[in-house]
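Biologist: Hello! Could you help me learn to read side chains in a model?
Modeller: Gladly, let's look together.

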Amino acid sequence: MTRFSTLLTRLGAAILLGSMLVLAGCHRGSAKDEVRTADMKSQFDAVIQAYKTGQFIVDGAVLSALDTGSHFAYLKDQGRLPKTVLLEPSDDSKVRKQHLQYMARLQLDYGFTVYYDDGGTLKKISVVDTKARDLEDYKAPVKAEAPPQQQH
């Protein structure tokens, strides 16, 4: 049986301890389902932008939540349903709670995974934590009609 010198044993223990500390440092502060990369856009099958009042920009067109659901139903019928979807803010709106709730509903209905951009960090929408909202059609704000002109 070969005996190692105490110096070699202590050096090996120090290297092992140092390696464990380095690996523990890699995981410090990281959260589950988060990625810190700005260039991950190309890794997603579909990219959707959040727009005003619960609407979305899909392939350059502004769609209501209901129309976005219809778009994914069409993709499912064609056999081209994405596996991962990225929801990002548009120039006109940031990602709001309403957008996350609609996307949680679409995630439940169609089975894909949705990530959203939260200040440079990509986070996965959890269907358990996010209350899925029923899809609605966009309702434009009601404009008050001008009173009829009086005839004198």
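Biologist: What lies 2.6 Å from a polar atom of the side chain of H99?
Modeller: The backbone oxygen of Y51 lies 2.6 Å from that H99 side-chain atom. A polar contact is a pair of N or O atoms within 3.5 Å; within protein, one must be able to donate a hydrogen and the other to accept it, and residues adjacent in sequence count only if both atoms are side-chain atoms. This is a predicted model, where local features need pLDDT of at least 70 and side-chain atom pairs count only at pLDDT 80 or more, while totals for chains, interfaces and linings use all residues. Residues are numbered from 1 along each chain as its sequence is written, and side-chain values use heavy atoms, leaving out hydrogens and water.

Biologist: Is H99 buried or exposed?
Modeller: H99 counts as buried because its relative accessibility is 1%; buried means under 20% relative accessible area, exposed over 50%, partly exposed in between (1.4 Å probe, protein chains only).

Biologist: And how do I read ring pairs?
Modeller: A pair of aromatic rings is described by the distance of the centres and the angle of the planes. Rings of Phe, Tyr and Trp (its six-membered ring) pair if their centres lie within 6.5 Å; planes under 30 degrees apart count as stacked, over 60 as edge-to-face and the rest as tilted. By this rule there are 5 aromatic pairs. One of them joins F72 and Y110, tilted, with 6.4 Å centre to centre and 40° between the planes.

Biologist: Which rings form a cluster with F72?
Modeller: Ring pairs link F72 with Y110 and F112.
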